[in-house]
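Please read this note with the model open beside you.

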Amino acid sequence: MPQPRMMLVVTGDDFGYCPRRNQGIVDCFQAGGISNVSLLVNGSAAKQAADLAKRHNIPIGLHANLSEGIPVCQSLQQSSTLINQHGFFHGKMGFRQALKRGEVSMKQVELELRAQVGLFVELNGHLPEHMDGHQHVHVLPEVREVFAKVVSDLRIPYTRVPVEPGLYSCPWMPAHLHKFYKQVEKDALDAIPVFRRHGIRWPDVYLGLTTMGQNMSIPSLHRALSYALAADPSSSTSSSVQGSHQPVVTAELMVHPGYPSHPKEGGCGEGPDDFSQSADRQHELSVLKDPSVLALYCQERVQLCAFRDL
């Protein structure tokens, strides 16, 4: 390929969620459809996932989880502000509501985040190459300050800032998702000065909200890439790759490939959720492995890479 116009990290989220997710992610990596993974250390198949990453030399980071399943930190598993009466995290919306009511201890958030990094190191033998948040919890008010402190203290170089160009011109997106993503974007924009103050980096462009599940297709990926290529890399705090002519845009595409979870197999302690058991995961896997997608990358001079290559 001639000089690339974009260096693209394609991250398979939720590695470790269940054996079938793990297998789908590995198959996708081997087919050239993803270039990086984000590990749920409290996932039921986290140990298997870490072993697979070592075996196949898959670049791996931490998918910090405060919303699904059971805490990693043992002192928080019996009684803490992070869990409900059943001993599980409050859920995607439940965690946000508890946070809004002022019911979440940031000291406990920090303990849990540090425990998850510790377990990641135990499983993988090294620190995460990047750290983001499951269901975008890392950009939420208050949490983002604690998250940034932990990431900075441990010298984890990269995170994710979920602000996607083209998000507001998606007629196919359901209203409830659009509303949630708009709030995610607002939280992410508010997180930028916090991450910047702590010296944390992220790619110029984030993609993945408009291409999730059944919304992933070759045209929707082409559309997302077009928006990303039109971005101005000089406006970001990431280390854009400087070529001899124009700067190369750096980007991350968040994806969720896998084979559907069996009903009672997987999850983070509560069993697999609906999205995990749906055909959406396999649909993403099929699209990402399609030779037409790899041809699209070539055509647009997009080079897949890991965070360490940015």
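1. Is Glu145 buried, partly exposed or exposed? Glu145 is partly exposed, with a relative accessible area of 36%, where buried means under 20% relative accessible area, exposed over 50%, and partly exposed in between, using a 1.4 Å probe and protein chains only.

2. A word on the source: this is a predicted model, in which local features need pLDDT of at least 70 and side-chain atom pairs count only at pLDDT 80 or more, while totals for chains, interfaces and linings use all residues. Residues are numbered from 1 along each chain as its sequence is written, and side-chain values use heavy atoms, with hydrogens and water left out.

3. Glu145 forms a salt bridge with Arg197, their closest N and O atoms being 3.0 Å apart; a salt bridge is a side-chain nitrogen of Lys or Arg within 4 Å of a carboxyl oxygen of Asp or Glu. The pair links distant parts of the chain, with Glu145 in helix H5 (residues 143-153) and Arg197 in helix H6, 52 residues apart. Helices (H or I, at least four residues) and strands (E, at least two) are DSSP runs numbered from the N terminus. Arg197 is exposed, with a relative accessible area of 55%.

4. By this rule the count comes to 16 salt bridges. One of them joins Arg281 to Asp14, with the closest N and O atoms 3.3 Å apart. Because Arg281 lies in helix H9 and Asp14 in strand E1, this pair ties together parts that are 267 residues apart in sequence. Both Arg281 and Asp14 are buried.

5. Glu284, which is placed in helix H9 (residues 280-289), is buried yet has no salt bridge, and the nearest side chain of opposite charge, Arg281, is 6.2 Å away. Leaving aside residues up to four places away in sequence, Glu284 touches several residues (heavy atoms within 4.5 Å), among them Met212, His256 and Phe275.

6. The lining of the largest pocket consists of 30 residues, of which Lys92, Gln135, Tyr181, Met212 and Phe275 lie nearest its centre. A pocket is an open set of points on a 1 Å grid over the protein atoms alone, where a 1.4 Å probe fits, with protein on both sides within 12 Å along at least five of seven lines; lining residues have an atom within 4 Å of a point. H6 supplies the largest share of this lining, three residues.

How values were computed: Lys and Arg count as positive and Asp and Glu as negative; His and the chain ends are not counted.
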